[in-house]
Amino acid sequence: MTADGTNASAGGTNVGTEGTESNAARTDANAGRTRASAGRTRAGAERTRPGTMLFRQIRAEWTKIRTVRRWTLTLLAAAVAMVVVSLLGASGGSVQHAGGPEAPPPKGPDGKVVRDAFRFVHQEMRGDGTITAHLASLKSLVEGEAGSKSVPWATAGIMVKSGLRPGASYVALLSTRGHGIRLQNDFTHDKAVSADGTWLRLTRSGSRFTAYVSSDGTSWKTAGGVTVRGIPANARVGVFAASPPHTEMSRRFGSLSILDAPAHAIGTFDNVTVTGAEPGGWTGTTVGEPLPEFDPPGAPPRTPLVKDGSSVSGGTITVTGSGEIAPEQRGMDLVQKGLQGALVGMLVVVAVGALSMTSEFRHGLVRTTFTVLPRRGGMLVAKALVLGVTVFAVSAVALAVAFPIAQSRLRSSGFRPPGFPSWSLSDPEALRAIAGSALLVALVAVLAMAFGAVFRHSAAAIAVVLLIVLVPQILASALPLGASRFLLSVTPAAGFAVQQSQPHYAFTADMCLPEDGCYPFSPWAGLAVPFLYVLVAMLLAWWLLRRRDA
Amino acid sequence: MEIEVDGLRKRYGQVSALDGVSFTVRPGLVTGFVGPNGAGKSTTMRIVLGLDAADGGHALVGGRPYRSLRDPLRAVGAMLDAAAVHPGRRGRDHLRWIAHAAGLPARRLDEVLEQVGLAGGAAKRRAGGYSLGMRQRLGIAAALLGDPRVLMLDEPVNGLDPEGIVWIRGLLRSLAAEGRTVLVSSHLMGELEGTADRLVVIGRGRIIADASVPELLAAASGGRVALRTSAPADAMAVLSRAGGTVASVGADALTVTGLDAEAAVAALGASRVPFAEVSAHRATLEEAYMELTRDAAEFEAAPGGGRS
Amino acid sequence: MRRELRAEWTKLWTLPSTARLLSATCALTVLVGALVTAGTRASDGPQDLPKLVLGGVQYGQATMVVLACLAVGAEYGTRTIVPTLVAMPWRLRVLLAKSAVVWCVALAAGTVGTVASLLVGRAVLASNGVAAPALTDGPTLRAAAGTVLYLGFVALLSLGTATVLRDSGGAIITVLGVLYAVPILTRLVSSDHWKRRLEKYAPMKAGLSVQATKNLSALPLSPWQGLAVLAAYAAGAALIAALLFRSRDA
């Protein structure tokens, strides 16, 4: 490679791109750059190490992207769009607090808001001990039109709880209508028990709780154990029942209707024995408030079929309960709401990503690039790094600016404690969501760039990226739930999971609906999906770049 | 049909691309339109074709603005940018939509393809696979399609091989000989040497010269005469008396400006001063051009040059 | 005007991408419609079946957007706008001819996609034991004709946007963004007031209300009003495009 050869090819580019001013400027800048690096390459050709080579390529790509005024402006526009849309999305909402100020929701042992409502028949247990009960029957009663249905998460079982205050630490071995026997503690921990049976036993030894299941009351199988340190020596022990409301949902092309009907679980226990308890009778308590029941406006008031309650006669205890023992419903994710601009910014950035590659082919610039720096894979990696880091930085700054303002707007329109958590930049979930969103935007930009190298056509690259990033989210609300979750798992749209601040717990009755912004994966796992796409697209682009003529 | 350009002005932001450009292109001649890159050649042609709007002045073809011509492709054939072909379209299809736009019969396609040497397989290939020279020929074919009275070609020689250059020179000469108006731009004077009858030289958005080729050459050579003499002092006296400016360039060598060779010989002969090797220094077109555009070239080296 | 139409028609059909994009539009429309319909059972209760069956156009429109944006964008991308305007210096006629040609192929693709969707949808519904709607009753015909027109207006909106932006990539992003991103964002808007407004005046939501055949009183806009909103967007884009195309340098 000689400097003369480089100049000649740069000149050729110049003739070919006698077009807009920015093109001319870019070509000139590039020609200058190529001359400089050509000189250096010749001087040190023997000693050039791959690392140095990549560094040069990165510098060259940085100059390329920086010197096209249109792209700089587009990146700035993306940043502005992110801020503005995030603020718009967070503005103007309002929350109505019916019936005066709400009582603060219960908080679990880890300080997170939880749901804790059930019927508990209990006595005191001092120190270590064991509770054994035979669950003779578990019925699920749904009121109203859906009376013939049953609720899969209707539960009854045995429990050790540190007190009757909602949110108090607990360990429970419970049986459900539709999801088998489970060992749960402290709201967010759940384990399915593989053993079968109707006899349940829970043994406490210090902070260690061991669960046993039996089908006949004589031969017991260990079903699992947990260590819970938050339960004091004097704890409440007993049997309980709870049932979330029955939910019917129909979704068709973006319209969603959810019908909730109150439901109760009726658990009938016999052979209930407690060792380590004070001698004394059972007490029935309704822990927490059952979920509020909304009657459709104008409907006649309903007379409930059954009421929560309990009866103890001899060795048989019947518990009728409604409510849930579960982490807070996903509901409105304020973090996600404050970061909606990422989606719009992403649209804009896709253009820069695709064009940064396709313009090389369109204007024949790629010949200059490959003449000066013949390692084609290096060019791809350098471009991806420069584009990714630039877009990440721009998006991260924009979202970090938008987030606190969006949160303060949300707070001022009623989304504030005690009903809603208050988020700031110092919360790890918020930081994760902001950094993750910026990473997602950067990944999509790099994906567009890689597709640009595959298709060599900006319209094709852009359309394909938008189709696999945007359309799944729209399809998701139209397709059956299973299909939509599948779609949101296998397309780069899965990456939006990183914006969620609240995890979805599969062991609750709550549905993970794409309409509510719920994604199937956990935040980082979701982000791994677009990352895999980028990896595959880069490999494909690399292979094609090597194989095809420039 | 003439092309008349009168007082054209055009700015792109801060950069003045055209600053009062006026000239006329006459039928039956090949008129060269030369100037360095960015001098305003393409802008002028774009304004003539109604692609860009002038900020001032006007450009007429056959006495009318291009956009008001009834049948523009039969009046004017133009090639501004040979790369302006969709790479996914076959060469023949590119010509076909233009033929439809001008209401021309399909046989014109074969005629012009034959004329530019693209008949056969090449025209059936997609233009994305064309070489620069093939694109150039396709662009010229499009310009010839309507059998126009006026032809405007921007840098037609670009990318052609030597054979192609000879071909296009012949084509331009024959088109002019048929009485058509031919305007050909170039940034290299050499390309037009032997082809153009007249030259319009543009630099920095202004017309620097508008003359026939012999006139330009004469102006550039400036009547410089070189001679040798054994009596330089006498010769200098005689020649300056005759109205020349004389410079001594060696022991027995002089150059004279302001007198042509015949006048110098006559003056020296009349005074019986011995002399030998009288030669009129004849400038090449290239030299004339370099001299004319020196200022414009300086401008071109400055940053922020406008579009050509 | 005849010459412009012929030239634009030739231009469109001499590109290999045109046929591919049009078949993709039809195929996506039919395929997605059939997929969604396949999930419907008689037990789901009364459904707006024509709307369900024709829903595939929401995805089929994406390739139509690409086609319409390329019709203008590629002219600027490949600089063929220069030979175009040299051959046809009357710019409004060029734009009109281009719009007419694109509108025609959009309607043709829409008709094929709609009729095929209805037939396939009926077959799928019948195999699921759902009573399919008659093809010829008034609301179904309105939904079908409206879907065809919807696709036409989307094509015009894309064409106008591409003319304004003079860049196919930017235009595709803008149009698909307006069509698709607005509904995604609407889900998360916190203000109910704005949510309703966005649902009422977002081009895709409004335009597709022409597909509704049941429960019309619950719609924010009547079917034809909704389509008129989309038509207004398309007309607005076309108007700005015409003004700019006429006055700007090529």
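C:Thr18 is buried, with a relative accessible area of 3%, where buried means under 20%, exposed over 50% and partly exposed in between (1.4 Å probe, protein chains only). This is a predicted model, in which local features need pLDDT of at least 70 and side-chain atom pairs count only at pLDDT 80 or more, while totals for chains, interfaces and linings use all residues. Residues are numbered from 1 along each chain as its sequence is written, chains are lettered from A and ligands numbered from 1 in the order in which they are written, and side-chain values use heavy atoms, with hydrogens and water left out.

C:Thr18 belongs to helix H2 (residues 16–38) of chain C; helices (H or I, at least four residues) and strands (E, at least two) are DSSP runs, numbered from the N terminus. Residues up to four places away in sequence aside, C:Thr18 touches C:Leu12, C:Trp13 and C:Leu67, contact being heavy atoms within 4.5 Å. Between the C-alpha atoms of C:Thr18 and C:Leu70, which are 52 residues apart along the chain, the separation is 9.4 Å.

Not counting residues up to four places away in sequence, A:Ser356 touches A:Trp71, A:Lys383, A:Leu387 and A:Met449.

The next topic is the nonpolar core, a set of buried Ala, Val, Leu, Ile, Met, Phe, Trp, Tyr and Cys residues joined through side-chain atoms within 4.5 Å. The largest such core has 241 residues, and those with the most contacts inside it are B:Leu49, B:Val76, B:Met152, C:Tyr150 and C:Tyr180. Helix H9 (residues 428–455) of chain A contributes the largest share of this core, 17 residues. Apart from it lies another core, of 38 residues, including A:Ala133, A:Ile231, A:Ala235 and A:Ala265. Beyond its neighbours within four places in sequence, B:Leu49 is in contact with B:Tyr66, B:Val76, B:Ala78, B:Leu80, B:Met152 and C:Val86.

Chain B is divided into domain 1 (3–212) and domain 2 (223–280), with bounds that come from an automatic or database domain assignment. The C-alpha centres of these domains of chain B lie 47 Å apart.

The interfaces of chain C remain. Against chain B, 26 residues of chain C are in contact with 35 residues of chain B. The area buried between chain C and chain B is about 2600 Å², with carbon and sulfur atoms giving 59%; buried area is the accessible area (1.4 Å probe) that two parts lose on being put together, summed over both. Chain C and chain B share 2 salt bridges, each a side-chain nitrogen of Lys or Arg within 4 Å of a carboxyl oxygen of Asp or Glu. C:Arg3 forms a salt bridge with B:Asp71, the closest N and O atoms being 3.0 Å apart. On the side of chain C that touches chain B, the elements giving two or more residues are helix H1 (2–13) and helix H5 (81–87) of chain C. H5(C) gives the most to that side, with 6 residues.

Between chain C and chain A, about 3000 Å² is buried, of which carbon and sulfur atoms give 71%. The count of salt bridges between chain C and chain A is 0. On the side of chain C that touches chain A, the elements giving two or more residues are H2, helix H3 (49–53), helix H4 (57–77) and helix H8 (168–188) of chain C. H8(C) gives the most to this side, with 12 residues.
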